Amino acid sequence: MFEDIPVDVSPMYEGERIRSANMFVELAGPKSSGAELVQVAEDVEDGALEVIGPELSEMTEGEIYPFGISVKIQGEKLEKELEGVIERRIHELCNYVKGFMHLNQRDQIWCRVSKEALEAGFKLEHLAKALSILLKEEFPIIEKISVSIFTEKSEVEAFIETARAMYEVRDARARELSDEDVDVFYGCVMCQSFAPSHVCVVTPDRTALCGAINWFDCRAAAKMDPDGPIFEVTKGEVLDAEKGEYSDVNAMVADRSQGLTDRVYLHSVFEYPHTSCGCFEAVAFYIPELDGIGIVDRDFRGETPLGIPFSAMAGQCSGGKQVEGFTGLSMEYMRSPKFLQADGGYERVIWMPKEIKDSLTEFIPEGLMEKIPTEEDAGSIKEIRKFLRENEHPIMERLKQAKEAVEEPETVEEVSEEPEMTGVPMAQVAYAPELSMPASGGVKIILKNAKIYAEKVIIKKK
């Protein structure tokens, strides 16, 4: 089947990582541009493969090139709703090719080719052929398929515009429904090869973290392949409508995460936030000094108000971990009326990159747009606080109320009847699912399920 492809093609290579030292070239990614798109079409020339632009043999080692993957499919039983689902499988199937690494999705893709693959004679046309074979295998309803790969900058740019227009059509359709309009949600475990304990819960109001799969896509996928990686989940009892907690969803997550996560809030970053894989488009993070929430996406190149870039933050909460105060999310979820509703929604958001903010003009509530600072307005906690105060952000009233609730200076509250440590009565005053502590020698200590005890709790008003 893959006899004329000079590298192995197998699921065993799916978790392969190509580091910079072993990389021949990088395709798309944060320093370039790219996209992938699957379209159901008519008159598809079956088996047609083309590379428009430089082949690998014409590229320079260590350079970064724009990259696009266009797949057109035809079949009597194919529906437009399946485009997004089949498109999402490009990520998985590209990684079957030894020496080719594919990350993320849609117009966020990031790929690398190894030096060993090039030395073996691997070309992009081989990638196109592998994809055409694998997609037909995975989806027997595909009768005809053609694959075009773009590496010419002007061609990639034009292709990205086409792809983004298609993404918007899909996303806009999904906004017509809300969680209350349906009886079932969907689970997705397509990212478990990279994040074994991660389970994505997809609802009408909460698109998958990758941004590539919405509720309609999941419905079509589950109907086509009930035993596949996307499956139906009954909602069960509504445990908390505001936070988005459901009994059957909890049970499904506990089962599919090997018991590592047994509760999840769909619309909050606190207590039991949704787990994060690694393909998420953005991260919502808590800023304790201001009791607010920041948003950062993978395209942002600077540091967040926490003093770390997106990459470091993503590393802290990806891999299927459930870390309170952090959650991965899609750009589309930020357009949902249920966006972090349990935490206050946009009234709790106190920082985000300008590019994200500009893309949400129609979705941020009236009167809040100018009150949320970006990297152009503030970078540090002090600067953000000043901006929020000057622009009368709703969070300032929240902080004021919290301050008024604080007891008088030097007031001491002692808690008794708690576990004793070293002979002194101690009370648990804090709990963190994961707590990082720096240590000497470049070592970082990570405490799992940390419980902090104190003999006394002293609250002082500054």
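1. R301 and its contacts. The side chain of R301 has a polar atom 3.1 Å from the backbone oxygen of P30. R301 sits in the loop between strand 15 (292–297) and helix 7 (310–317). Helices (H or I, at least four residues) and strands (E, at least two) are DSSP runs, numbered from the N terminus. The C-alpha atoms of R301 and K31 are separated by 9.8 Å, although the two are 270 residues apart along the chain. R301 is partly exposed, at a relative accessible area of 47%. Buried means under 20% relative accessible area, exposed over 50%, and partly exposed in between (1.4 Å probe, protein chains only).

2. Basis of the values. This is a predicted model: local features need pLDDT of at least 70, side-chain atom pairs count only at pLDDT 80 or more, and totals for chains, interfaces and linings use all residues. Residues are numbered from 1 along each chain as its sequence is written, and side-chain values use heavy atoms, with hydrogens and water left out.

3. The largest pocket. How much space lies in the largest pocket? About 950 Å³. A pocket is an open set of points on a 1 Å grid over the protein atoms alone, where a 1.4 Å probe fits, with protein on both sides within 12 Å along at least five of seven lines; lining residues have an atom within 4 Å of a point. The volume is the space filled by probe spheres set on the points, which are joined across faces, edges and corners. The lining has 39 residues, and L103, N104, W110, G278 and R298 lie nearest the centre. Helix 7 gives the largest share, four residues. Strand 6 (100–103), strand 7 (110–114) and helix 4 (153–174) are among the elements that each supply at least two. The lining divides into 17 nonpolar, 13 polar and nine charged residues. Here Ala, Val, Leu, Ile, Met, Phe, Trp, Tyr, Cys and Pro count as nonpolar, Asp, Glu, Lys and Arg as charged, and the others, Gly among them, as polar.

4. Salt bridges. The whole structure holds 23 salt bridges. Each is a side-chain nitrogen of Lys or Arg within 4 Å of a carboxyl oxygen of Asp or Glu. D46 and K136 meet at 3.0 Å, N to O. D46 is in the loop between strand 2 (34–40) and strand 3 (49–52) and K136 in helix 3 (residues 124–138), so the pair ties together parts 90 residues apart in sequence. D46 is partly exposed at 39%, as is K136 at 28%.

5. A second bridge. R175 pairs with E332, with the closest N and O atoms 2.5 Å apart. The pair ties together parts that are 157 residues apart in sequence, because R175 lies in the loop between helix 4 and strand 9 (184–188) and E332 in the loop between strand 16 (326–329) and strand 17 (349–351). R175 is partly exposed at 30%, whereas E332 is buried at 7%.

6. Cysteines. The structure holds zero disulfides. A disulfide is a pair of cysteine sulfur atoms within 2.5 Å. For C94, the nearest cysteine sulfur is that of C111, 6.2 Å away. C94 is buried, at 0% relative accessible area.

Conventions:
A polar contact is a pair of N or O atoms within 3.5 Å; within protein, one must be able to donate a hydrogen and the other to accept it, and residues adjacent in sequence count only if both atoms are side-chain atoms.
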